[in-house]
Amino acid sequence: MSTPGDLPEDVEAFLRRADGALAELVESAQIGIAYLTLECRFSRANDRFCQLTGFDEAELMGSELSALLPPEDAGACSDLHQLVGGSISDYSTAYRFVRKDRSILELQASAKLVRGTTQAPAFVVLVVEASPTP
Amino acid sequence: MSWVAGTHSDFSALLCDALSGSPLPIFFKRTDGTYLYVNDAYIAAAGLERDHIVGHTDYEIYPSETSKLYRANDALTMERRAPLQAEEFLQVNDQLRWFSVVKFPLCDSRGGVQGTFGLSIEITDKVWSCKAGPQVAFDRNQTGRRDEPPANTDEESRASDHALLDAIEAVKEAEKALRVAMEQTTKSAQDAAAQSIEGKGLPDLVEGDLWRRGSEIREQAASAIAQYEHALMILRLTMIRGLVDDHGMTFAEVGRRMGISRQLVARLYKS
């Protein structure tokens with residue numbers, strides 16, 4: 001694709017296409033995907049995540065993950081705090097989410113820390129799916 | 001040892017000497033993050049005066065991102081009331097230095113947490129040697145610069161081009177991996193729907209292969225997205241560096257070209 005002689009334009013086009021491909025893959029995924037800042041606040045959520053939780057993306061933006069959990073589950077975020085602190089790089093767990101209609105939905109979640117160019121923690125990718133119901 | 005038979009103050013004095021003379025950076029902080037004590041090795045590592053550290057919080061001393069990391073690890077140490085080992089970094093005169101830090105909760109006689117105590121070992125060389133591919137060239141180039149950089153030599157430009165090609169390849173590989181992971185999530189959802197139609201209940205799903213695979217697929221998807229995002233970050237940084245170093249563009253010109261602010265370009269360039 002690119003050669004050292006013609007880098008800038010080709011790379012810009014490649015970068016735009018790659019950005020678009022990632023956005024499309026995340027949006028169209030049949031699994032819930034959300035991004036969290038290092039303050040554990042939502043910065044992005046795909047359609048499936050919104051469908052599962054009942055909130056639209058705008059309502060989730062800026063909210064803390066802990067705000068969507070029942071008060072008695074506040075301790076469930078300790079793994080996430082370790083993750084953003086860089087002590088662990090991923091984890092899997094189950095969260096009980098309070099949906100917008102106040103019903104409780106158990107979600108199986110896997111989280112992965114995304115590191116920046118200096119390897120410092122940058123943000124968190126959270127992938128979720130509903131637990132099977134009896 | 002003489003302090004065994006001596007007074008509490010003898011021991012305190014000996015301890016102070018030991019901490020002060022330690023080649024490892026050592027600190028004591030209050031619960032709110034205010035530094036109570038740092039030894040000479042800490043001052044040397046931070047490249048700051050003692051007065052600029054003691055009596056101040058991380059947020060008053062270090063950049064926001066660095067402080068958040070320090071404070072998150074402090075909070076975890078105090079919350080768990082147990083030692084915590086973590087990797088932390090520090091930017092000193094544009095040099096990024098990495099430390100393996102062990103933090104301990106400081107408790108009073110009643111068991112109340114009063115702060116943290118930490119000691120560090122520098123692992124910068126180990127971190128660089130562990131990094132793969134284009135990141136090594138980049139991160140090494142990132143150090144030792146202040147603002148607008150000097151023009152690259154031809155040899156540096158060729159190295160920069162190769163780093164760019166490597167970064168592009170990393171993005172391509174990451175995209176492939178993400179597509180595979182996403183196909184698996186689709187197939188998993190279809191399989192789950194099919195089993196549901198067949199009337200298999202919760203025990204079959206939970207104990208079956210499908211459910212176990214579901215967990216693996218979620219983890220794989222999360223890793224693939226993280227890998228893709230990281231590869232894109234490296235590519236953006238590589239591209240910015242190429243435009244600035246090899247093509248002589250200013251941060252403002254690069255910002256206009258990429259549709260981002262000059263400040264963000266400068267921050268990324270110097271990140």
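Tutor: Let's start with a word we'll need: a residue is buried if 20 or more other C-beta atoms lie within 10 Å of its own. Keep in mind that this is a predicted model.

Student: Okay, so which residues of helix α11 of chain B are buried?

Tutor: Helix α11 of chain B covers residues 262–269. Apply the cut-off of 20 or more other C-beta atoms within 10 Å. The buried residues of the helix are then Val265(B), Leu268(B) and Tyr269(B).

Student: Why do the buried residues of α11(B) line one face of the helix?

Tutor: An α-helix has 3.6 residues a turn, so residues three or four places apart point the same way. Now look down the axis of α11(B): its buried residues line one face because they fall within an arc of 100°.

Student: Zooming out, how much of chain B counts as buried?

Tutor: Chain B is built with eleven helices and five strands. It has 271 residues, and the share of them that counts as buried is 30%.

Student: Which element gives the largest share of the side of chain A that touches chain B?

Tutor: The contact takes 45 residues from chain A and 54 residues from chain B. On chain A's side, the elements giving two or more residues include α1 (7–28), α4 (78–84) and β3 (90–98). The largest share is eleven residues, and it comes from α1(A).

Terms used: Residues numbered from 1 in each chain as written. Chains lettered and ligands numbered in written order. Predicted model: local features only at pLDDT ≥ 70, side-chain atom pairs only at ≥ 80, totals over all residues. Buried ≥ 20, exposed ≤ 12 C-beta atoms within 10 Å, placed from the backbone. Helix = DSSP H or I, 4+ residues; strand = E, 2+ residues; numbered from the N terminus. Arc of directions from axis to C-beta. Contact = placed C-beta atoms within 7 Å.
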